[in-house]
Amino acid sequence: MDRVAGGKGRVIITASGANEVSAEYDNIKQGVFTHYLVEGLNGKADRDKDGAITVDEVYQYVSEAVPRATNQNSTL
């Protein structure tokens, strides 16, 4: 935990780029990106099961889950 708490800086992960659109589905009551970001932060992104979710883990999780859920081939 010290490794994570000692980090500095900022990371911005967005749902879409300037010339792209983001998707919202009525059945999940929020944006697809937000849904998978929250899901990842709540534990599903913890690939190494160490109890800490890193930026890399959540980015990887979201960049795979969102295109899969929206039937797109590209990653974030």
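These legends describe close-up views of a predicted model.

**View 1. The largest nonpolar core.** Nine residues are listed here by name: Val32, Phe33, Tyr36, Ala45, Val58, Tyr61, Val62, Ala65 and Val66. Together they form the largest nonpolar core. Two helices, H2 (32-44) and H3 (55-69), each provide at least two of its residues. H3 contributes the most, with 5 residues.

**View 2. Helix H3 from end to end.** H3 is 15 residues long. From its first C-alpha to its last, the helix reaches 21 Å. That is close to the 21 Å expected at 1.5 Å a residue.

**View 3. The buried residues of H3.** Glu57, Val58, Tyr61, Val62, Ser63, Ala65, Val66 and Pro67 are the buried residues of this helix. They pack against H2. Residues three or four places apart on an α-helix point the same way, because each turn takes 3.6 residues.

**View 4. Around Tyr61.** Tyr61 is buried in H3 and belongs to the largest nonpolar core. Beyond its neighbours within four places in sequence, Tyr61 is in contact with Tyr36, Glu39, Gly40, Lys44, Ala45 and Arg47. Among these, Tyr36 and Ala45 are also members of the core.

**View 5. Past the end of H3.** Thr70 lies in the segment after the helix. Thr70 counts as buried because its relative accessibility is 13%, under the 20% cut-off. Residues up to four places away in sequence aside, Thr70 touches Ala23, Tyr25 and Val32. Val32 is one of the core residues. Asn71 also follows H3, and its phi is positive, near 60°.

Definitions and conventions. Residues are numbered from 1 along each chain as its sequence is written. This is a predicted model: local features need pLDDT of at least 70, side-chain atom pairs count only at pLDDT 80 or more; totals for chains, interfaces and linings use all residues. Side-chain values use heavy atoms; hydrogens and water are left out. A nonpolar core is a set of buried Ala, Val, Leu, Ile, Met, Phe, Trp, Tyr and Cys residues joined through side-chain atoms within 4.5 Å. Buried means under 20% relative accessible area, exposed over 50%, partly exposed in between (1.4 Å probe, protein chains only). Helices (H or I, at least four residues) and strands (E, at least two) are DSSP runs, numbered from the N terminus. Contact means heavy atoms within 4.5 Å. The expected span of a helix is 1.5 Å times one less than its number of residues.
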